[in-house]
Amino acid sequence: MTETVSNSAKQDLLTAGDISDRQLDTMMSRMMSREIDRGELFFQCRRNESWALEQGIVKSAGFSVSRGIGARAISGEKSGFAYADDIQLDVLEQTSSAARSIARVGSSQNTNVPVKRQIPQFYEGIDPIVSISKDEKVKLLSRIDKFARSLDPRVKEVSVSINANHESTYIYSSDGTDHGDVRPLVRFGVSVVVEQNGRRENGNCGGGGRHDLSWLYENETAEKFAREAVRQALVNLDAVDAPAGPMPVVLGPGWPGVLLHEAVGHGLEGDFNRKGTSTFSNRIGERVASPLCTIVDDATIPNRRGSLTIDDEGTPGQRTVLIENGVLKGYMQDKMNATLMGVTSTGNGRRESYAHQPLPRMTNTFMLAGNSDPEEIVKSVERGVFAKTFGGGQVDITSGQFVFSATEAYLIENGKITVPVKGATLIGNGPEIMTRVSMVGNDLELDLGVGVCGKEGQGVPVGVGQPTLKIDQITVGGTQA
Amino acid sequence: MTTSLVDVNEDAVQTVHTPDDEATLSEFVSRILEVAKSGGATAAEVTAGDDIGLDVKMREGDIDTVEFSRDRGFDITVYRGKRRGNASTTDTREDAIQEAVNSALAIAEHTEEDSFSGLADPDLLAVDFPDLDLYRCDPMDVEQLKEAAQTAESTALDFDEKIYQSDGARASVSSNCVAYGNSLGFLHAYRSSSSSLYADVIAKSSNGMQRAAWFTMGRQRSELDTPEFVGTKAAEHAIRKLDPRPIPTGEYPVLFDQTVAMGLILHILNALSGRPQYLRSTYLLDSLEKQVTSTEVSLKEYPFIPGAMGSRAYDSEGVATSEKYIVENGVAKNYLLSSYSGRKLGMQSTGNASGVCNLTVETQTLPLPDVLKQMDRGLVVTSLMGQGVNILTGDYSRGASGYWVENGEYAHAVDELTIAAKLDDMYKNMVAFGDDVETRRNIRTGSILISNMTVAAL
């Protein structure tokens with residue numbers, strides 16, 4: 001089936017610009033007439049439709065199309081890159097000439113033979129934009145608005161959004177890569193403001209993945225997001241000031257896995273390690289986390305937000321073990337960094353669009369389940385914080401420092417979850433914090449499908465996940481010193 | 001212009017914009033407006049852009065990346081009465097124009113009526129278009145950019161033996177042309193340019209590695225910090241972060257270094273913006289004529305400074321910008337409003353649909369060493385991490401690193417800290433301001449001292 005999807009993506013993209021296979025070959029030969037290691041042409045068309053309800057009215061909606069070509073020439077550690085927003089032969093010629101300008105005069109040794117092989121597919125090549133009609137989208141938004149308001153009289157504002165994305169890509173490279181992919185991606189979100197005695201708080205919940213929009217109607221999925229957003233906001237109405245300083249923290253399952261994304265994920269991307277700028281550089285085989293930790297990056301989970309049938313360099317998506325029982329096993333690689341480090345790509349070469357160069361990026365990154373009962377984990381803490389919901393995070397891969405910000409958290413006193421505390425940022429050093437993971441729950445959950453990871457100005461959809469886990473000591477950034 | 005490595009003349013010549021491009025882009029916009037009108041739109045507005053760029057990254061003395069970019073596209077909003085639809089595309093061919101307009105019109109059949117929606121009020125549209133001198137584009141020359149980046153990098157690497165390696169230096173030029181038109185008859189285009197230089201280096205000691213960067217930008221190369229200055233600053237900052245020592249968790253004065261003070265000012269501008277006001281999701285709800293910062297401070301916009309990065313004669317809806325106070329002596333004077341958020345609040349657009357223009361922090365300033373003396377003992381924050389700023393509740397909690405000050409002088413590096421407080425208290429407790437003002441950025445401020453925040457440390 002993949003062959004069909006791959007071919008249809010290729011045909012759609014090339015036909016629009018009236019470009020033949022032979023012309024592609026000619027273009028690639030011209031690019032390779034210079035001394036470069038690899039030439040690559042990336043074709044993409046992405047269509048997106050979004051609808052938003054605010055203050056009871058579906059007041060705005062938009063449709064966008066972004067279509068173009070990115071051409072890249074790689075010579076050792078150097079890359080020449082050019083892109084254009086038009087898929088046409090003359091543009092393709094200019095773009096590929098510009099890209100090869102980094103190369104020395106001379107000609108490339110190009111010996112690779114295209115190998116066609118069957119690639120497993122981790123989502124269907126559907127167009128989610130048309131999976132439900134415009135009218136149905138408007139009705140759904142209004143229904144969820146009313147539903148959220150009906151949950152509690154303290155709900156004052158409700159915003160609801162639906163986003164559907166359809167992306168066709170085709171990659172043609174001098175190393176024999178000749179693959180296309182069709183990627184659906186949807187996202188639904190609810191955000192509310194509640195008010196009580198003049199105090200206002202907000203709550204957000206959303207989800208999505210690489211599937212169509214009918215999922216919103218199954219098992220009251222859309223209503224569940226609304227219920228969760230309202231619940232979070234109401235909890236925060238009673239939140240007291242958060243404590244400040246180092247203490248034990250228990251993280252809930254699912255989205256709090258943003259911890260792993262920041263604390264270890266970025267630091268294990270191939271580019272930083274090739275350059276030796278990561279705190280994890282040259283540490284394969286070393287203990288970098290507690291033996292309770294096994295962390296993987298997995299592009300192969302069906303229909304997940306971060307899943308990839310092929311990455312943006314045409315390498316099939318795969319599952320890569322990053323840390324196994326606390327020992328560093330491997331990095332995430334794109335082709336360029338893999339070649340320079342003498343390994344093979346792990347299918348992590350990703351780019352935001354044709355206008356960006358591929359970088360080693362995460363897909364779905366999570367920690368495998370352990371043996372502890374989540375209740376026992378909380379019971380083991382005398383005084384600390386239980387953090388259930390998070391916003392985003394950030395890391396400095398060189399020093400290893402990372403932060404992530406809790407949006408729903410509670411005090412733990414004498415082994416019991418007591419009062420909610422205000423949102424606070426947690427900060428730590430990746431390798432140090434990972435060695436302080438002292439209990440891992442048996443309740444692995446993946447997040448609901450909302451993550452966007454930013455690196456060098458490029459955003460790509462990712463997934464995270466983890467079981468409940470306990471960190472013996474991490475700094476909590478509240479106001480109560 | 002040719003070297004053995006980069007053979008630009010033969011392969012790729014990146015041109016810049018000419019005045020003709022403004023006319024072409026304006027004509028393109030009016031053609032799209034025509035298509036929208038004949039398709040049944042009762043009103044429409046279009047923004048079209050054409051950006052050309054060249055970016056060269058050097059790493060360890062050699063080319064890392066040469067990137068040529070060309071971005072074209074347009075964004076259209078159509079109205080069917082009080083219903084609104086939007087579309088955007090990077091595809092500028094005739095059939096793509098039709099497709100985008102049709103998509104926007106189809107959406108406007110399904111969105112719901114919103115009595116506040118619509119184009120800007122006609123009497124607020126800009127009628128004067130002063131020459132703001134925004135286009136001073138440097139040539140798109142790979143060699144020049146390469147040399148600037150290389151000099152910045154080598155200066156940093158040679159600065160001190162503690163500089164372990166470079167993570168690259170980057171020089172860029174961009175040439176932009178943008179046109180905006182609406183069915184009220186407004187149509188205007190202008191060109192602008194920018195040049196920038198950036199160096200990112202890593203220092204190393206037995207206690208680990210630290211990274212720091214320095215960035216400079218302007219309309220043209222001659223306005224930038226020199227490559228030597230950029231390299232020196234990046235190296236100094238990286239070394240200053242080495243060997244952090246612990247401090248106890250507690251309440252301390254916190255100085256926001258000029259590079260992070262801009263972000264601090266952005267939060268209050270966000271809280272005074274129209275959308276959070278009408279959604280009642282800002283801690284500064286209904287705050288006009290109320291005190292929102294220290295009375296020592298005014299925040300004022302100057303949209304017409306020739307060549308400045310934030311200068312513009314009109315916002316993204318064609319509404320004329322104006323010189324005005326947002327905050328005057330601590331008191332909120334104006335919200336930042338678009339036509340829509342203005343109507344929602346029963347007010348008029350303030351010409352801020354695309355943000356502020358050369359927002360200037362006006363106050364008594366002191367040389368930085370004097371500010372540190374006034375602080376005596378406390379934290380200087382040079383970098384912040386994470387998103388822990390809640391505009392609705394006004395709670396602030398972010399990751400921070402920088403250096404510790406004892407007796408008004410640098411003592412040692414600190415990292416892995418959080419700083420937390422209420423935004424309202426932070427702005428009211430701004431007690432001293434450095435004269436290290438960066439005038440080449442849209443937010444013009446120097447370092448800012450806040451008298452008291454909670455600092456958490458390991």
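This is a predicted model: local features need pLDDT of at least 70, side-chain atom pairs count only at pLDDT 80 or more; totals for chains, interfaces and linings use all residues.
The C-alpha atoms of chain A occupy a box of roughly 70 × 55 × 35 Å along the principal axes. The radius of gyration of chain A is 24 Å, which agrees with the value near 23 Å that a compact globule of 481 residues would have. Of these 481 residues, 61% count as buried.

The domain assignment divides chain A into domain 1, residues 2-237, and domain 2, residues 244-477. The centres of domain 1 and domain 2 of chain A, taken over C-alpha atoms, are separated by 23 Å. In the contact between these domains, 35 residues come from domain 1 of chain A and 26 residues from domain 2 of chain A. On the side of domain 1 of chain A that touches domain 2 of chain A, several elements supply at least two residues each, among them strand S1 (38-54), strand S4 (155-173), strand S5 (178-196), strand S6 (199-209) and helix H5 (221-237) of chain A. S2(A) gives the most to this side of domain 1 of chain A, with 6 residues. By class, the side of domain 1 of chain A that touches domain 2 of chain A has 11 nonpolar, 18 polar and 6 charged residues.

Within chain A, one group of paired strands can be followed from strand to strand. Strand S8 (residues 295-298) of chain A runs antiparallel to strand S9 (residues 319-324) of chain A, and 4 bridges join them. In this pairing, Ile295(A) stands opposite Ile323(A) of S9(A). S9(A) is also joined by 2 bridges to strand S10 (residues 327-328) of chain A, again in an antiparallel arrangement. Here the bridge partner of Ile323(A) in S10(A) is Leu328(A).

In chain B, 22 residues of domain 1 are in contact with 18 residues of domain 2. Strand S4 (163-182) and strand S6 (208-218) of chain B are the elements that give two or more residues to the side of domain 1 that touches domain 2. The residues on this side of domain 1 of chain B divide into 12 nonpolar, 4 polar and 6 charged.

Chain B also contains an open sheet of 5 strands, in the order S10-S9-S8-S11-S17, with mixed pairing. Strand S10 (331-332) and strand S17 (443-444) of chain B stand at the edges; each has a single partner strand, so one side of each is left without a neighbour in the sheet. Elsewhere in this order, strand S8 (residues 298-301) of chain B is joined by 4 bridges to strand S11 (residues 359-362) of chain B, and the two run antiparallel. Ser298(B) stands opposite Glu362(B) of S11(B).

The two chains meet in a contact that takes 68 residues from chain A and 71 residues from chain B. On the side of chain A that touches chain B, strand S2 (residues 57-75) of chain A gives the most, with 12 residues. This side of chain A has 23 nonpolar, 29 polar and 16 charged residues. Strand pairing also connects the chains: strand S3 (residues 78-84) of chain A runs parallel to strand S2 (residues 62-80) of chain B, and 4 bridges join them. Within this pairing, Gly80(A) has Val66(B) as its bridge partner in S2(B).

Leaving aside residues up to four places away in sequence, Val201(B) touches several residues, including Ala156(B), Ile163(B), Ala212(B) and Ala234(B).

Notes. Residues are numbered from 1 along each chain as its sequence is written. Chains are lettered from A and ligands numbered from 1 in the order in which they are written. Two residues are in contact if their C-beta atoms, placed from the backbone, lie within 7 Å. Ala, Val, Leu, Ile, Met, Phe, Trp, Tyr, Cys and Pro count as nonpolar, Asp, Glu, Lys and Arg as charged, and the others, Gly among them, as polar. Two strands pair if DSSP finds at least two bridges between them. The radius of gyration is taken over C-alpha atoms; the globule rule is 2.2 Å times the number of residues to the power 0.38. A residue is buried if 20 or more other C-beta atoms lie within 10 Å of its own, exposed if 12 or fewer, and partly exposed in between; C-beta atoms are placed from the backbone. Domain bounds come from an automatic or database domain assignment.
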